[in-house]
Amino acid sequence: MLAYVIRRVFQSIFVLLMVGLVAFSMFRFVGDPVENLLGQERTQADIERVRDQLGLNDPFPVQYVKFLGNALQGNLGVSYRQGRPVSEIIAERAPATLELAGVSALFAVVFGIGLGVFTAIRRDGFMANFIMTTSLIGVSLPTFLIGILLIYIFAVELGWLPSFGRGETVKIGGWSTGFLTESGLKAIILPAITLGLYQMTLIMRLVRSEMLEVLRADYIKFARARGLSTRAINFGHALKNTLVPVITVTGLQIGSIIAFAIITETVFQWPGVGLLFINAIQFVDIPVMAAYLMLISVMFVLINLIVDLLYFVIDPRLSAGASTRGH
Amino acid sequence: MPTPLLSVRDLVIEFPTRHGPLTAVDGVSFDLAAGEVLGVVGESGAGKSLTGSAIIGLLDPPGHIASGEIYLKGKRIDNLRAEDMRAIRGRHIGMVFQDPLTSLNPLYTIADQLIETIRTHLRLSEREARQRAIGLLDDVGIPAASRRIDDYPHQFSGGMRQRVVIALALAAEPELVIADEPTTALDVSVQAQIIDVLKEQCTQHGASVILITHDMGVIAETADRVAVMYSGRIAEIGPVREIIQNAKHPYTSGLMGSIPTLAQEEDRLVQIPGSMPRLSDIPPGCPFNPRCEKVFDKCRVQRPSLIPVENRQVACWLYEDTGTSEVAT
Ligand SMILES: Nc1ncnc2c1ncn2[C@@H]1O[C@H](COP(=O)(O)OP(=O)(O)OP(=O)(O)O)[C@@H](O)[C@H]1O
Ligand code: SF4
Ligand SMILES: [Mg+2]
C-alpha cells in the first residue's frame, strides 16, 4: 500500500512538472515578455538589462527551474495589464470561484447520488422514468444555454433571483464570502445549478447503473435471504458497493467543475478566476493565463490523488496486502 | 399425522413471455417434516432452484408463483405481504447459496454481517449479538473465531467463506434451511467437509434441510428423503435408501445407473440418451416420454400425476395399477 501511495505521489509530481513546462513555455515563447514590460519607448540597453534581470539569457533548463522555484513560493509573475503580482490578483478572485465550485459540487453529489439511488430502486416507476428522460436533456444542453435559460425563467420572468454578480460579500481575513448575506446566497443559486447540472446528471446516471448492477449481485440476494430490511439492503449493502466505482468519476467531475467555471462565470459575470482568465485572454495577459492554467492543473491532480487514496479507506480489499490472506 | 413443517401444494411458477407464459415449475407438491433432510436432484433446468426461491419468497421477477400454495407450520406463506415475508426470511427459513465468494458483501466484516442479521431478528444488544456470532463461527469450524470475526470476506478461503455463510443462514435459528448446491463452487477437497458442517449444524439447531444438488452421492449420505425433478415436476419422491436401491421411475433408474463410483471423478448425473426438453416445447403427456425406454401410448397423451407406491410417490403410468388410491384421469 505504501508503495502504491508513493508511486501515485510521484506520478502526480511528474504531471505537475509537465504542466509547469507548458505554462513556462507560454511565458517564454508566446509574445515577448520584454516588449510587454517596456512598451514603445525603449533602448537596446534597456532590453538587455531587463533580459538579464528576468534571467532570459540563462540556459533554458536553468530558467525552467527558476520558474518552478518561484511558482512554488507563490511568485507567479506580474500581470501585464494590472501591473500587480498575479498571486495577489488570483488570491482576490479565488474565493468567488471556490465558493461557486463548492456549492456546485455539493449540489451535483447530493442530488446525483440521491436521484441515482431513487431511480435505481424505483426502476420502473413513473417518476424514475421521468427523471431519466429529463436527465438526457441535462446532459445534452450546453452549459451556457442552461445558464441563459435559468436566467430567463428565474431572473427575467419570475424575478426571484439575480441574473449576475455575487451579491454582497463579507470579508473574513483574506477571504471574501457570499455565504453570509442574503443577496450573496441568492446570487449563488443559479450559477451553481448551471455549473453543476451536467455533473449532477452524469453522477446520477452512473449511480443508477452501478446500483442496478449491485442490486443483482449475489450478496444482495443473500442479504435478502437473511431477512434484512429493504432499507438496510438498499442504503447499507447496496449503496456502499455502488459508491466505490462512483468515487473516481465524481472526483474527476469535481475537477472539471472548477475548470468549466469559466463558462458559467462569463454567463453570470461571476467575479472569479474564470472570468479573470477570460479577461486575460482578451489582453494577452500571459502571466495571468499561465497562472490560471497551473492552478487548475494542480487542483485536478490533487483531487485525483485524494480520490485514489480514498479507495483505500473505503475498499478493504485494496489494503489486503498488509493483512493476512487466506488462513 | 402432525402438521408438516413445510408443505408445498401444486406449486406452479411461470415466466411471462411474448408468446404467453412459460411454465418452469409445474404442479410440484411435497411435505417436509421437522428435522428432516430432503435432497432435491435433477438435471440443469429442472426447476430445483426456482422451487427453493419460491419457498423463501425470493423469485426474481418476472418469474412468479402462478398458482399453488406453500405452508410453513400450517400457515400459508406464499401470499404474504412483502414485509411479513421478510420477517420470515432468516428467522424461519434460511438459505445457503452456491457461491460463497459472491454471497458475502465484500465491504463489510464478517462481524458486521453476522451481528446485523442476528439483531434484525432477535432482541439482543450489540455485545450479546457479537458473543452469539463468535459462537456460531466456532460451531461451523472457523479457527480463532473471536479474532477472525473482524476480518473481511476476502481474507477467508472459499471453504471458510461457505462456513461463514452457513453460520449466517443459521444466525437466527430458522426451522428450515434451503441449501442450493452449497458445494458446487468449491474445491473438491473441501466439499465433503462443508456438507458435514451443514448437516451437523442443522441437526444441532433442529433445522430441516432442503438440499439441492447434482451429486447423488451427497444425497445418499446426507438426506432422509429425495425428490427427483424433471421438467419442472417431481418424477419420484421417497426415502433415499429405497429409491437408490430400487428406483421406480424410469428417469430415476437412469440417474441411479449413472451414480459415479468412488473411482470416478465424474459427478454429473445424466447418462440417459437425449436431453431434457426446453420449457417452450415440453411434450404432452409425460415430459420424459421422448427419452423413456418403457414409453407406451398413454404416456404421450396423458400427464401422470404422483402415484403413491409403497412409501413413495412416482409420476409414471407404469404404476397406475399398483397405486393405493384411484388415480383421477
Ligand atoms: N428469468 C427467466 N426467464 C425465463 N426462464 C427462466 C428464467 N429463470 C429461470 N428460467 C427457467 O426456469 C427453468 C428452471 O430453472 P432453475 O434455475 O430452477 O433450474 P435448476 O434445476 O436449479 O438448474 P441448475 O441445476 O442448472 O441450477 C430453467 O429451464 C430456466 O431456463
Ligand atoms: S409415464 Fe410413460 S414415459 Fe413417463 S416415465 Fe412412465 S413409462 Fe416412461
Ligand atoms: Mg439451480
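A search of the whole structure, which is a predicted model, finds 10 aromatic pairs over all chains, where rings of Phe, Tyr and Trp (its six-membered ring) pair if their centres lie within 6.5 Å, and planes under 30 degrees apart count as stacked, over 60 as edge-to-face and the rest as tilted. In this predicted model local features need pLDDT of at least 70 and side-chain atom pairs count only at pLDDT 80 or more, while totals for chains, interfaces and linings use all residues. Residues are numbered from 1 along each chain as its sequence is written, chains are lettered from A in the order in which they are written, and side-chain values use heavy atoms, with hydrogens and water left out.

**Aromatic pairs**

- The ring centres of B:Tyr230 and B:Tyr251 are 4.6 Å apart and the planes stand at 55°, so this pair is tilted.
- That pair links distant parts of the chain, 21 residues apart, with B:Tyr230 in strand β9 of chain B and B:Tyr251 in helix α11 (residues 250-257) of chain B; helices (H or I, at least four residues) and strands (E, at least two) are DSSP runs, numbered from the N terminus.
- B:Tyr230 also pairs with B:Phe288, with ring centres 5.1 Å apart and planes at 85°, so this pair is edge-to-face.
- B:Phe288 lies in the loop between α11 and β11 (307-309) of chain B, 58 residues apart from B:Tyr230.
- Both B:Tyr230 and B:Tyr251 are buried, as is B:Phe288, where buried means under 20% relative accessible area (1.4 Å probe, protein chains only).
- In chain A, ring pairs link A:Phe24, A:Tyr64 and A:Phe67 into a cluster.

**Charges over rings**

- B:Arg148 lies over the face of B:Phe156, at 4.1 Å from the ring centre, and the charged end of B:Lys298 sits over the ring of B:Trp317, 4.1 Å from its centre; the rule asks for NZ of Lys or CZ of Arg within 6 Å of the ring centre and within 35 degrees of the ring normal.

**Cavities**

- There are 4 cavities of 30 Å³ or more, a cavity being a set of points on a 1 Å grid over the protein atoms alone where a 1.4 Å probe fits but cannot get out.
- The largest cavity has a volume of about 90 Å³, and of the 14 residues that line it (with an atom within 4 Å of a point) the closest to its centre are B:Pro250, B:Cys286, B:Cys292, B:Cys299 and B:Cys316.
- The second largest cavity has a volume of about 60 Å³, and α1(B) gives the largest share of its lining, 4 residues.

Definitions and conventions. On a 1 Å grid over the protein atoms alone, a cavity is a set of points where a 1.4 Å probe fits but cannot get out, and a pocket is an open set with protein on both sides within 12 Å along at least five of seven lines; lining residues have an atom within 4 Å of a point. Grid points are joined across faces, edges and corners, and a volume is the space filled by probe spheres set on the points. Buried means under 20% relative accessible area, exposed over 50%, partly exposed in between (1.4 Å probe, protein chains only).
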